[in-house]
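Subject: Structure for you to look at

Hi,

Here is the structure I promised you. Please open it beside this email and follow along.

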Amino acid sequence: MPELPEVETIARELAPRVVGRTITGFKTDWPRAIKHPDLIAFAREVVGREVLDVARRAKWLVLSLSDRAVLAIQVKMTGQLFVVPPEIVGDRHVHHVFSLSDGMELRIRDTRKFGRLGLYRRDEAGRVLGSDEASELFAGHGPEPLDEAFTLRAFRDRTRARRGRLKPLLLDQSFLAGIGNIYADEALWRAQLHPLRSAASLRPADERRLYLAIREVLDEGIARRGSSIDSYTSLEGDGQMQESLDIYQRTGRPCPRCARPTRRIVLGARGTHFCSWCQRLPAEQRTPAVRRLLAAPGRRGASPGSGRRSGQRGSTKA
Ligand SMILES: [Zn+2]
C-alpha cells in the first residue's frame, strides 16, 4: 500500500503533467469513490478549474485548483495515476478520467477500488475544509515527519505523551502522518528497536535513533521513488526502494546486520518483520501476552490468511 514516499513520488511526477492545465471534463464508472460533494456537484464544479499545484499531505494527493478549490485523491491500496493521450486505450480498471486542456487525460486506475476522491475548498488561512465545510480535512492527522518543524524535540514530546507499543504507534496516522507497514518495519530495524517495545520505555538515545531512522528511511524511499512491492507504480514507472529494504517481507532471510533469520509476527492483522537479535525486547516487557504473540507462527502462509498479499503484482498490470 502506498505510503508517504510513494504518494510523494506520485505528486512530484504528476505536477509537471497537470499544473497549468485546466480540467475540461470528468467521467467515472465508479461513483462510490467520490466522497465529497455528491457526484453531480463534483463533476460540475471540478470542470473549468485550472490545476495550480500538486502536493501531498499524509497519504493524500492534494491538487490545488483555481478559486481555492482542492481536489484530494487518496490512492489507497491499488490506485495508479497516468497522464496519457486519449487514444491510448485504458483497461477495465481505469475508473476515473479527467480531460485536460492540453488534450491529455489524467486517469485513475484502481483494481480494488478503495481509492477516494473529493473536491474541497481552502479557507483564507489555507486550511482544506472537510465535508462539513467547517472542520479541517486533515485535522486528525499528525505532523509530517519530514517537515522542518518536526524536530527531535517535537518527536520526543509526542512519543512521551503516548502509551502503547512502537509498531502500532508508528502506524497511527494521528501520531505521525504517512507511515505504513513498510517504513515502520524498516525504521524500527534501523533504530534497533523491537516492534513490541513500549513507547514509554524509550530512553533519550532510543528516541533519537528512531527519529533519525524514520526520517532517513522516508528520505531514501523518496529518492528511490518508492517501493513497488504490490501494485504501486508512479507516472514514470516502478520505484526502486523495494530493492533496498533491509527487513520488510524478508521473512527467513538473513538480517543484513547480524545474518540471523528475519522473523515475522502478525500484529493487528499486519505482518511485522524484525530481527530478534538486533531488536531486543527488554526482559521486563516479555509479558505472557507478548510471549504468546512472539510464539505464534508468523511465516507467510503458516496460518490462514496471514500470507495474503494485497494485489499480486502480476494481476494488477494492464
Ligand atoms: Zn539482526
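First, a term. A residue is buried if 20 or more other C-beta atoms lie within 10 Å of its own, exposed if 12 or fewer, and partly exposed in between; the C-beta atoms are placed from the backbone. By that rule, 37% of the 318 residues of the protein count as buried.

Two notes on the source. This is a predicted model: local features need pLDDT of at least 70, side-chain atom pairs count only at pLDDT 80 or more, and totals for chains, interfaces and linings use all residues. Residues are numbered from 1 along each chain as its sequence is written.

How confident is the predictor? The pLDDT is its confidence in each residue, from 0 to 100. The protein averages 92, and 93% of the residues score at least 70. Residues 301–318 fall below 50. That stretch still has 24 contacts in the model beyond near neighbours in sequence. A contact means that the C-beta atoms of two residues, placed from the backbone, lie within 7 Å.

Overall shape

The C-alpha trace spans about 60 × 45 × 30 Å along its principal axes. The protein has eight helices and 12 strands. These are DSSP runs, numbered from the N terminus: helices are H or I with at least four residues, strands are E with at least two. Take the contacts between residues at least 6 apart in sequence: 64% of them join residues at least 24 apart.

Two domains

The protein is divided into domain 1 (4–129) and domain 2 (152–316). The bounds come from an automatic or database domain assignment. The C-alpha centres of the two domains lie 30 Å apart. Across the boundary, 19 residues of domain 1 are in contact with 22 residues of domain 2. On the domain 1 side, α1 (4–18) and β6 (79–84) each supply at least two residues. Which element gives the most to that side? It is α1, with nine residues. The residues on this side of domain 1 divide into nine nonpolar, four polar and six charged. Here Ala, Val, Leu, Ile, Met, Phe, Trp, Tyr, Cys and Pro count as nonpolar, Asp, Glu, Lys and Arg as charged, and the others, Gly among them, as polar.

Now look at E8, which lies in helix α1. Is E8 buried or exposed? It is buried, because 24 other C-beta atoms lie within 10 Å. Leaving out residues up to four places away in sequence, E8 touches R56 and I222. E8 and W60 are 52 residues apart in sequence, yet their C-alpha atoms are 8.9 Å apart in space.

Strand β4 (residues 60–65) is mostly covered, with five of its six residues buried. It pairs with strand β3 (residues 51–57) in the antiparallel sense, over six bridges. Two strands pair if DSSP finds at least two bridges between them. V54 stands opposite L63 in β4. β3 and β4 form a hairpin with two residues between them, and A58 in the turn has a positive phi of about 55 degrees.

β4 also pairs with strand β5 (residues 69–74), again antiparallel, over five bridges. Where is the partner of W60? In β5: the bridge partner is Q74. The hairpin of β4 and β5 has three residues between the strands, and D67 takes a positive phi near 60 degrees.

Helix α5

Helix α5 (residues 181–191) is largely enclosed by the rest of the structure, because 11 of its 11 residues are buried. Among them are Y183, L188 and W189. The buried residues of α5 pack against α1, α4 (166–171), α6 and β12 (270–274). Q192 follows α5 and has a positive phi, near 55 degrees.

A loop residue

Last, find S228, in the loop between α6 (204–223) and β11 (263–267). S228 is buried, since 20 other C-beta atoms lie within 10 Å. Leaving aside neighbours within four places in sequence, S228 is in contact with T233, D238, G239 and Q242. The C-alpha atoms of S228 and D238 are separated by 5.7 Å, and the two residues are 10 apart along the chain.

Best wishes

Methods: pLDDT is the predictor's confidence in each residue, from 0 to 100.
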